[in-house]
Each structure stands twice: as C-alpha cells, then as structure tokens.
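Dear colleague,

Please find below the sequence and the coordinates that I promised to pass on to you. My notes on what I found follow directly after them, grouped by region.

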Amino acid sequence: MLFRQLVDDDLGCASYLIGDEAAGEAVVVDPAYAIEPYLEEAERSGVRIVRVLETHTHADHLSGHGRFALEHDVPVSIHPLAEPEFQFVAVQDGDEIGVGSVTIRVLHTPGHRPEHCCYLADGHLLTGDSLLIGDAARPDLAVEATEGAAAMYGSLQRLTELPDDTEVDPGHVAGSLCATGISSARSSTIGMERLSNRALAYADAAEFVAAHANTSVPRPPTTERVVELNGGPFVAAPDLLEQLDSFDGQVLDVRSAREFAAGHLAGAINVPLESSSVGTRAGFLLDPDERVAIHASSPEQAKDAARRLRAVGLLELGGYLVGVEAPERLEPVTLDELEALLADGGVEVIDVREKGERDEGYIPESRHIPYRLVGEFADELANGKPVVTMCESGARAAVAASVLAAHGVPARPVLDTGISDWEKRGNALTSFRRCGSG
C-alpha cells in the first residue's frame with residue numbers, strides 16, 4: 001500500500017496520496033490547489049492518480065480537485081449533501097472504493113459540514129475536519145453552531161468505536177484555524193485520542209455542545225469565498241506571475257519586517273513570508289476582489305507568496321515587484337525605548353494579539369486591538385499620540401504597524417520580541433480574571 005501525507009505548513013492542512021504501487025493506481029484525498037507535489041510523488045511511486053476524494057467542501061483552502069479534473073481528466077468524489085455545481089461521483093456511508101488491492105471505506109461523519117466523510121484504508125483513518133489530534137474541528141462554518149456540534153458529537157462517538165490501533169490521519173495539524181487545541185503531531189491512534197483528546201472528554205452530548213457551540217477562534221473573511229470556489233465550477237490553473245516595474249493598487253510586501261521598515265512602498269501591507277499563516281493573515285487584510293501585487297526580495301519569494309495567497313482563494317494577482325524604489329520608512333521600537341516612553345506617558349501601546357493570549361497577561365493601560373482589526377481604528381488612533389504595536393514575537397506587531405501606516409498612522413512596531421520578554425525584564429503584567437477564578 002502506498003500512503004503519503006503532504007502538509008501545507010502555512011495553513012496547517014494535510015492531504016493524502018493513497019494507492020497500490022503494484023497496480024499502479026492511487027487516489028488523492030483533500031488536495032491543495034497546488035497539485036504539482038501530488039503529481040511528482042505519484043511519478044516517483046510509479047502510480048497514476050485515478051480519483052480525487054474530498055472529505056467535504058473546504059472553507060479554509062482552495063481545493064485542487066478542479067485542476068485534477070480539467071488538466072488530467074480525474075473524477076472527483078464527494079458526498080451528495082455538498083450539492084456541488086461541478087460533475088462528481090457521489091460517495092455514501094458504507095461505500096467501498098477499490099484502488100488496486102486497497103479498499104477505502106466511506107464513513108459519513110457530519111458535524112463540521114453536513115456532507116463530511118472520513119475514509120478508512122487499511123488501518124488508516126483519514127478524519128478530514130472531524131476528529132483532529134488533541135481536539136475536534138469547529139462546527140460553526142456551515143450550519144448553526146449547536147446543530148453542527150450535536151452532529152459532531154455523534155460522529156466522534158462513532159469514530160471512537162473503531163479499534164484502538166486505528167491510525168488517525170487528520171485533515172489539519174497545528175496552525176489551522178479549524179480548532180484551538182490541535183497538536184503539532186501529524187498522526188495518532190484512536191486509542192491515544194480516546195485517552196488524551198479534550199473533545200472526547202465530555203460526559204454527554206449536551207456538555208459537548210455547550211462547550212463547542214461557542215468558539216472564539218476568528219473566522220477568516222475568505223471562508224465564504226473559498227466555499228463558493230470549492231463548490232462551484234472547477235477552478236483552472238493560475239496564470240503565470242509576471243514581474244512588474246510598478247503597480248497602482250494593493251501591494252502585499254512579503255519581505256522581512258526589518259526590510260519593510262527600512263524601505264517600502266506607500267500603502268503597502270507587510271506580511272513577512274518568514275512568518276506562519278501568511279495566506280490567512282493576508283486574507284484578513286486584503287480586498288479579495290481587488291488585484292494585488294507582491295513586493296518580494298526575489299522572484300522565488302514572490303512565487304512562494306503567490307502559492308500561499310492562491311491557497312486561500314486570493315486569485316487576483318497582478319504580478320510581483322522586486323528591487324523597486326521604496327521610499328517609505330518605519331522606525332521599530334526596542335524594549336529599552338518602550339520602557340522610557342511608558343514612564344513618560346508619551347505613547348499608546350496597542351496589543352495586537354488575540355483575546356485568549358491577552359487574557360494571560362498584558363501591559364497595564366495598553367489597548368487591545370487584534371492585528372486583523374487595527375485598520376478599523378485608524379481614524380481614532382490618528383490623534384497625534386505616538387502608537388506602538390506589540391505582540392508575542394514581533395510578527396503580528398509588524399503586520400499591524402504596516403496596516404496603520406497605510407492608513408496614515410505612523411505606528412512603530414516592537415520587533416523580534418514581545419510580551420513575554422517584557423515580563424522577563426521585571427515589568428509587571430495584568431491578567432484577566434474571570435468571575436470566580438482564584
């Protein structure tokens with residue numbers, strides 16, 4: 001049996017190539033829009049990809065099923081509850097799909113979406129967006145959250161009835177927004193998850209629903225667009241990314257925060273390629289209906305950035321810029337300088353982390369605005385008082401400062417360090433205490 005897991009580390013998405021090397025056939029489960037790695041792996045293994053299996057209509061990444069269908073005449077299978085606009089081969093609960101001597105069994109597991117299915121192949125359980133390692137996927141993206149959570153509970157109970165040694169191969173690993181407690185491990189077993197997975201620790205359905213129907217994980221604004229693309233007519237291969245001399249429109253600068261600070265184009269937004277979740281972060285900040293140019297350090301960096309943007313359905317790419325004149329500047333702030341500024345009361349610190357992180361401890365009198373929302377407060381912050389953006393490591397502080405600068409607010413980011421380092425220097429933090437906590 002051929003079994004390969006391929007992971008998009010930027011999105012935390014996992015997909016799979018499964019087949020029979022002797023028979024020369026394989027299927028791809030939940031492919032990314034960039035299908036080249038599957039084709040390369042299939043060629044190395046001497047197999048031909050004969051079908052795409054989708055666990056569900058994905059909301060977090062653009063599927064490559066359209067490219068497989070259009071470019072390689074590969075049929076696509078999904079549960080009919082997905083109601084796709086494209087031609088598909090339906091799979092139902094209990095169906096068995098033969099790939100050479102390998103048999104893949106279909107388990108209908110609604111919850112994340114009504115059409116969701118898992119695939120069981122020779123002891124490997126491909127769980128898609130149902131049972132994850134350490135947690136379960138969010139239930140609020142397709143139906144009302146309590147309805148989704150109730151269905152998810154039933155599906156999880158069904159999966160835990162499988163043998164303990166059944167390998168759990170999830171559709172998401174750490175880095176995904178589909179749950180908050182996902183492990184960085186890329187596989188597990190039913191037995192291990194039954195012992196350690198927090199989503200399996202609830203006494204009954206009511207307790208599970210109460211805990212999972214309310215999620216604080218931000219919902220990417222690209223969700224509806226990606227679902228529409230994945231359920232609509234097949235999406236073909238992207239156009240070639242061409243180099244530009246200039247660009248009048250949205251510019252995404254993917255160079256490092258230090259490079260951006262030293263010189264960037266007016267109005268550009270900085271989401272460094274070296275950070276994680278580049279596609280997701282860009283999705284929060286860019287207008288998906290407007291063309292965007294990528295400002296990069298090299299053509300190779302620009303092409304990598306383009307792949308990450310297309311992965312979340314941002315397809316309107318106007319080209320890339322390299323080595324252009326970039327006259328705008330940002331002035332980073334060191335922790336030494338920030339201490340002096342706060343002592344004089346001459347600065348407003350914006351904590352751009354998410355709420356759960358801030359509750360663990362924050363700089364007294366700092367203001368909380370997550371990086372993805374700072375643009376909405378630009379007019380309010382343009383009051384003449386210096387603004388400093390801060391997070392845990394400097395990555396999101398750089399993003400937030402670039403957004404504010406694009407709105408005319410000369411914000412200064414704290415780079416390469418953050419709140420934990422601030423506390424290690426002996427500075428006090430305030431933590432959020434919920435009613436009844438110690």
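Asp 304 lies in helix H9, which spans residues 299-311, and please keep in mind here and throughout that the model is a predicted one. With a relative accessible area of 25%, Asp 304 is partly exposed, since that class takes in values between 20% and 50%. If you want a distance to check against your own reading of the coordinates, the C-alpha atoms of Asp 304 and Thr 389, which are 85 residues apart along the chain, are separated by 27 Å.

Going through the individual pairings, strand S2 (residues 13-20) and S3 run antiparallel and are joined by 5 bridges, with Gly 19 standing opposite Ala 26 in S3. Strand S3 (residues 25-29) is in turn joined by 5 bridges to strand S4 (residues 48-53), and these two run parallel; here Val 27 has Arg 51 in S4 as its bridge partner. Between these two strands the chain passes through helix H1 (residues 36-45), and the β-α-β crossover from S3 to S4 is right-handed. S4 also pairs in the parallel sense with strand S5 (residues 76-78), over 2 bridges, and in that pairing Leu 53 has Ser 77 in S5 as its bridge partner.

Two backbone angles deserve a look while you have the coordinates open. Asp 30, found in the loop between S3 and H1, has a phi near 55 degrees, which is a positive value in a residue other than glycine. Asp 416, placed in the loop between strand S20 (412-413) and helix H14 (419-424), likewise has a positive phi, near 60 degrees, and is again a residue other than glycine. What sets of accessibility values go with them? Asp 30 is buried, with a relative accessible area of 5%, whereas Asp 416, at 60% relative accessibility, counts as exposed.

Strand S10 (residues 124-128) and strand S11 (residues 167-170) pair in the parallel sense over 4 bridges, and the bridge partner of Leu 126 in S11 is Asp 169. The chain crosses from S10 to S11 through H3, in a β-α-β crossover that is right-handed. S11 pairs as well with strand S12 (residues 188-189), this time in the antiparallel sense and over 2 bridges, with Thr 189 in S12 as the bridge partner of Glu 167.

Helix H3 (145-159) comes up again with helix H5, as the buried residues of H5 pack against it. In H5, the residues Phe 208, Val 209 and His 212 are buried, and because they cover an arc of only 95 degrees around the axis, they are on the same side of H5. The face turned away from that buried side carries the exposed residues Ala 206 and Ala 210. At the start of H5, a side-chain oxygen of Asp 204 reaches to within 3.3 Å of the backbone nitrogen of Ala 206.

Finally, Ala 199 lies in the loop between helix H4 (190-196) and helix H5 (205-212), and it is buried, with a relative accessible area of 3%. Leaving aside its neighbours within four places in sequence, Ala 199 is in contact with Asp 135, Ala 136, Leu 156, Phe 208 and His 212.

Technical notes: Residues numbered from 1 in each chain as written. Predicted model: local features only at pLDDT ≥ 70, side-chain atom pairs only at ≥ 80, totals over all residues. Heavy atoms only, no water. Buried < 20%, exposed > 50% of the residue type's maximum accessible area, 1.4 Å probe, protein only. Contact = heavy atoms within 4.5 Å. Pairing = 2+ DSSP bridges. Right-handed = clockwise from strand over helix to strand, strands pointing away. Arc of directions from axis to C-beta. Polar contact = N/O pair within 3.5 Å; in protein donor to acceptor, adjacent residues only side chain to side chain.
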